[in-house]
Amino acid sequence: MQISDHDFNIIIGSTSLVLMISDLERPIAAWKGTERLGDRILPSLTIIFRSAGCSWSRCRMCSYRHERYVTRQSVESLTTHLRAQLAYVLDQYPPDTIELVKIFTSGSFFDPAEVPPAFVAEIAETFRGKVIIAETRPEFVNEEVLRDFIGTAGTGRTEIPLYCAIGLETSNDAIRSRSIDKGFRFRDFTDAARAAHAAGAGVKAYLLFKPLFLTEKEAMDDMRASMRDAADHAELISMNPCTVQRNTELEGYWKRGAYRPPYLWSVLELLKEAPVHILCDPLGGGQKRGPHNCGTCDYDLVQGIRDYSLNADRELVGALLETECGCKDEWAFVLSEERPYAMPLTR
Ligand code: SF4
Ligand SMILES: [Zn+2]
């Protein structure tokens, strides 16, 4: 799941947002912003609904899966809670000024065990005429379900009224399995993309830059290949530089000095080389748990990456990469000298 810095406080601990989490009738978070879609910049609303939770719930870097109703809910009770969350959001953010809605559930919006189909239909009705981007694992991308959704949500105003946002993370099956434990193959993603396209939906691929067990250089090479591979199947690609979230396996490695989040220099280099425009909001950028450099140059670079994500100005990325800072030598050293773990293949 990819969310913005706004929600990062939840992960690393913010008392104000912790209060929100405890309220069952409110979403985990919701906020207004702007989002680039193709050549347009649209006013957007992001909603993270509390749901029954991710049915996979195993990814090594993910703490969102803990954001769920703790007690088992009947379909009726879950639907009631979700409706209350939606009413709260509509009250806070009247949808008339919004053109794009991003929906997260800390799992999969189209998983019927997580979000009752009746509520999925209500979302289509509520945000009819807007562009809706909904996150889901590929196994829940069902052509018929998407056709129904688009039948309600689409008005012909936008060519693609719905995008399925899928956390592909990497196009490399071994890395997705060993470093992330994601539980699906690249083939599953491409099958889901085909089903989404057949239904008239678009695809947004989320890529995870630098999961566990990779050197900085291995992670960069993985992203270069993943961007190329994902571009054949997705209209939108978002790169998520890895952050260390609480209560995750990744955090355990990080605490023992066995993981470092990626350098912002690497993020910039990847954005500069990318074959297509890549959306990127460096969650926790400049902090020790997020993608960071030395602490001196971080703020401007994070800001610049966010600007680039919105305005797609490649020259800006080039200029940021020219920024002078002593940590650039350190980054170059890491790229050339860091060696992978010698993991035994047998016991
Ligand atoms: S599928 Fe998504 S929500 Fe579920 S554990 Fe993995 S990253 Fe977290
Ligand atoms: Zn620096």
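This is a predicted model: local features need pLDDT of at least 70, side-chain atom pairs count only at pLDDT 80 or more; totals for chains, interfaces and linings use all residues.
The ideal angle for four tetrahedral donors is 109.5 degrees. Cys-325 counts as buried at 19% relative accessibility, and Cys-327 counts as buried at 5%. Buried denotes under 20% relative accessible area, exposed over 50%, and partly exposed the range in between (1.4 Å probe, protein chains only).

Residues are numbered from 1 along each chain as its sequence is written, while chains are lettered from A and ligands numbered from 1 in the order in which they are written. Local features need pLDDT of at least 70 and side-chain atom pairs count only at pLDDT 80 or more, whereas totals for chains, interfaces and linings use all residues; side-chain values use heavy atoms, with hydrogens and water left out.

An open sheet is formed by 7 strands in the order β1-β2-β3-β4-β5-β6-β7, with mixed pairing. Its edge strands, β1 (29-37) and β7 (236-241), each pair on one side only, and the twist averages 25° from one strand to the next. Helices (H or I, at least four residues) and strands (E, at least two) are DSSP runs numbered from the N terminus, and two strands pair if DSSP finds at least two bridges between them. Strands β3 (residues 100-104) and β4 (residues 131-135) run parallel and are joined by 4 bridges; Lys-102 stands opposite Ile-133 in β4.

Helix α5 (residues 143-153) packs on the sheet, where it touches β4 and β5 (162-169), and its direction makes about 140° with that of β5. Helix α11 (residues 298-311) also packs on the sheet, touching β1 and β2 (40-48), with its direction at about 60° to that of β1. Contact means heavy atoms within 4.5 Å; axes are lines fitted to C-alpha atoms, for helices over the stretch in contact, and angles run from 0 to 180 degrees between N-to-C directions.

In helix α4 (residues 117-126), Phe-119, Val-120, Ile-123 and Ala-124 are buried. These residues lie on the same side of α4, because they cover an arc of only 150° around the axis, the arc being that of the directions from the helix axis to the C-beta atoms. Their cover includes α3 (75-92), β3, β4 and α5. Helix α10 (residues 264-273) is mostly covered, with 8 of its 10 residues buried, among them Trp-265 and Glu-269. The elements covering the buried residues of α10 include β6 (202-209), α8 (216-231), β7, α11, α12 (314-321) and α13 (327-337).

Leu-90, in helix α3, has a relative accessible area of 26%. Apart from neighbours within four places in sequence, Leu-90 is in contact with Pro-95, Thr-126 and Phe-127. Arg-26 is found in the loop between α2 (15-22) and β1 and has a relative accessible area of 31%. With neighbours within four places in sequence again left aside, Arg-26 is in contact with Arg-50, Gln-85 and Tyr-88.
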